[in-house]
Amino acid sequence: MTSAPVRDPLSDHLITPQNAAFLLIDYQPSQLAGVHSMDRDLLVKNTGSTVRTVKAFDVPVVHSTINVASGRGQPTLPELADLLTDDKSLDRTTTNSWEDIEFRAAVHATGRRKLIIRALWTEICMAFTALDALREGYEAYPVVDAIGGTSPEAHRAGLDRVIQADGQPISWVSLAVELQRDWARQETVQSVIEIVLTDRLLKEQ
């Protein structure tokens, strides 16, 4: 029972803590209220678990909101904002985050090419951002069970559009295990077990 040597975490074709960045876009009350493709409480719970996971692995976070400064939108949901105290929200007016100069600069500044994307709604803020990032040579990984659309059909269409442009959908659990990869990597194993198993999957059976 011998693990293979750890692959180069920068060039690995799979997601690693060293080659990925996490984008959290528009998890605000009005956007959440418009989600009709999955249970909203479950969506928020899955998002919280993912934020905790990327934090455990020190994956850089780019956190964005829309229309808060203008007064049209409310800030990030408190239960998520509490997990993002070190990540200042970049407020914007564009529905496509990639068309906001500060947002795009923040992504570029991470130096990472694999983008784990969560955004509300799937067919707009996720799809537009992912499509532009893909066109610019990034890889896009929408987390399918922590994003939501205005209908099941809209969610599916948004995902399909990104997949056809070579985006790679993942789930929040598969992301956590892909970052961990080997249970012999002791630095993060307890965090992953707690986030994925103790707090969620075993408790929710």
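Me: How is the accessibility of Arg-7 to be read: is this residue buried, partly exposed or exposed?

Reply: Buried means under 20% relative accessible area, exposed means over 50%, and partly exposed lies in between (1.4 Å probe, protein chains only). Arg-7 has 43% relative accessibility and therefore counts as partly exposed. This is a predicted model, in which local features need pLDDT of at least 70 and side-chain atom pairs count only at pLDDT 80 or more, while totals for chains, interfaces and linings use all residues. Residues are numbered from 1 along each chain as its sequence is written, and side-chain values use heavy atoms, with hydrogens and water left out.

Me: Which residue does Arg-7 meet in a salt bridge?

Reply: A salt bridge is a side-chain nitrogen of Lys or Arg within 4 Å of a carboxyl oxygen of Asp or Glu. The side chain of Arg-7 meets that of Asp-12 in this way, at 3.1 Å from N to O. Asp-12, at 7% relative accessibility, counts as buried.

Me: How many salt bridges does the structure hold?

Reply: The structure holds ten salt bridges. One of them joins Asp-199 and Arg-52, whose side chains meet at 3.0 Å, N to O. This pair links distant parts of the chain, with Asp-199 in helix α8 and Arg-52 in helix α2, 147 residues apart. Asp-199 counts as partly exposed at 25% relative accessibility, and Arg-52 is also partly exposed, with a relative accessible area of 28%. Salt bridges that share partners join Arg-7, Asp-12 and Arg-181 into one network.

Me: Where in the chain do Glu-204 and Lys-45 lie?

Reply: Helices (H or I, at least four residues) and strands (E, at least two) are DSSP runs, numbered from the N terminus. Glu-204 forms a salt bridge with Lys-45, the closest N and O atoms being 3.8 Å apart. Glu-204 is in the segment after α8 and Lys-45 in helix α2 (residues 40–56), so that the pair links parts of the chain 159 residues apart. Glu-204 is partly exposed, with a relative accessible area of 38%, and Lys-45 counts as partly exposed at 43%.

Me: What does Asp-199 touch, leaving aside residues up to four places away in sequence?

Reply: Contact means heavy atoms within 4.5 Å. On that basis, and not counting residues up to four places away in sequence, Asp-199 touches Arg-52 and Glu-194. Asp-199 is placed in helix α8 (residues 186–201).

Me: How do the axes of α7 and α8 cross?

Reply: Axes are lines fitted to C-alpha atoms, for helices over the stretch in contact, and angles run from 0 to 180 degrees between N-to-C directions. Angles under 35 degrees count as roughly parallel, over 145 as roughly antiparallel, 65 to 115 as roughly perpendicular and the rest as oblique. The axes of helix α7 (residues 172–180) and α8 come within 10 Å and cross at roughly 160°. Helix α7 is therefore roughly antiparallel to α8. From α7, Trp-172, Val-173, Ala-176 and Gln-180 meet a group in α8 that includes Val-192, Ile-195 and Val-196. Ala, Val, Leu, Ile, Met, Phe, Trp, Tyr, Cys and Pro count as nonpolar, Asp, Glu, Lys and Arg as charged, and the others, Gly among them, as polar. By these classes, the contact of α7 with α8 has eight nonpolar, two polar and one charged residues.

Me: Which residues of α7 are buried, and what covers them?

Reply: The buried residues of α7 are Trp-172, Leu-175, Ala-176, Glu-178, Leu-179 and Gln-180. Their cover includes α2, β4 (114–119) and α8. After α7 comes Arg-181, with a positive phi near 65°.

Me: How do α2 and α7 lie relative to each other, parallel or antiparallel?

Reply: The axes of α2 and α7 come within 10 Å and cross at roughly 10°. That makes α2 roughly parallel to α7. Asn-46, Ser-49, Thr-50, Thr-53 and Val-54 of α2 make the contact with Trp-172, Leu-175, Ala-176 and Leu-179 of α7. These residues divide into five nonpolar, four polar and no charged.
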